[in-house]
Amino acid sequence: MSRSSWKGSFIDKNVLKLNNTKKSFIKIMSRRSTIPEYLLGKEVYIHNGNSFKSLLIDDACIGYKFGEFSFTR
């Protein structure tokens, strides 16, 4: 069952704060958050429980969860 459309996509508070950042790389711990459009073209490092895996956000990644690109096993 998917999330209700009236609620919108889930984005963690810490990911929302990254909207105006000028950093060259961004570390993200929230694997359950949806990838927002303002991260398009940026390199993010997603925590998989042990280490950080790099991901370059392109238009195909928008709308998916961060955890789908960082495997834990």
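Colleague: What should I know before I start?

Modeller: This is a predicted model, so local features need pLDDT of at least 70, side-chain atom pairs count only at pLDDT 80 or more, and totals for chains, interfaces and linings use all residues. Residues are numbered from 1 along each chain as its sequence is written, and side-chain values use heavy atoms, with hydrogens and water left out.

Colleague: How many helices and strands does the protein chain have, and how do I read their labels?

Modeller: Helices (H or I, at least four residues) and strands (E, at least two) are DSSP runs, numbered from the N terminus. Here the protein chain has one helix and three strands. From the N terminus, the order is α-β-β-β. The radius of gyration is 12 Å, close to the 11 Å of the globule rule for 73 residues, so the protein chain is as compact as a globular protein of that length. That radius is taken over C-alpha atoms, and the rule is 2.2 Å times the number of residues to the power 0.38.

Colleague: What box do the C-alpha atoms fill?

Modeller: Roughly 35 × 30 × 25 Å, along the principal axes.

Colleague: How do I read burial, and what percentage of the residues count as buried?

Modeller: Buried means under 20% relative accessible area, exposed over 50%, and partly exposed in between (1.4 Å probe, protein chains only). Of the 73 residues, 30% count as buried. The accessible surface of the protein chain is about 5500 Å², and carbon and sulfur atoms hold 51% of it. Those areas come from the Shrake-Rupley method with a 1.4 Å probe; for residues, only the protein chains shown count as cover.

Colleague: Which way do the side chains of strand E1 point?

Modeller: In a regular strand the side chains alternate between the two faces of the sheet. Strand E1 covers residues 25-28. Ile26 and Ile28 point to one face and are buried.

Colleague: Which strands pair, and do they run parallel or antiparallel?

Modeller: Two strands pair if DSSP finds at least two bridges between them. E1 and E2 (residues 43-47) run parallel, joined by four bridges. Ile26 has Val44 as its bridge partner in E2. For Ile28, the partner in E2 is Ile46. E2 and E3 (residues 52-56) run antiparallel, with five bridges. There, His47 stands opposite Phe52 in E3.

Colleague: What lies between E2 and E3?

Modeller: The two strands form a hairpin with four residues between them. In the turn, Gly49 has a positive phi of about 100°.

Colleague: How do I read contacts, and what does Phe25 touch?

Modeller: Contact means heavy atoms within 4.5 Å. Setting aside neighbours within four places in sequence, Phe25 is in contact with Glu43 and Tyr45. Phe25 is partly exposed, at 41% relative accessibility. Across the protein chain, take contacts between residues at least 6 apart in sequence: 32% of them join residues at least 24 apart.

Colleague: Is Ser33 buried or exposed?

Modeller: Ser33 is buried, at 0% relative accessibility. Ser33 sits in the loop between E1 and E2. Beyond its neighbours within four places in sequence, its contacts include Phe10, Val15 and Tyr64.

Colleague: Where is Tyr64, and what does it touch?

Modeller: Tyr64 lies in the segment after E3. With a relative accessible area of 41%, Tyr64 is partly exposed. Not counting residues up to four places away in sequence, Tyr64 touches Ser33, Thr34, Ile35 and Phe69. From Tyr64 to Phe25, C-alpha to C-alpha, the separation is 19 Å.

Colleague: Where is Lys7?

Modeller: Lys7 lies in the segment before helix H1 (13-16). Lys7 is partly exposed, at 47% relative accessibility.

Colleague: How far apart are the mean positions of the positive and negative charges?

Modeller: Lys and Arg count as positive, Asp and Glu as negative; His and the chain ends are not counted. Each charge is placed at NZ of Lys, CZ of Arg, CG of Asp or CD of Glu. With 13 positive and 6 negative charges, the mean positions are 11 Å apart.
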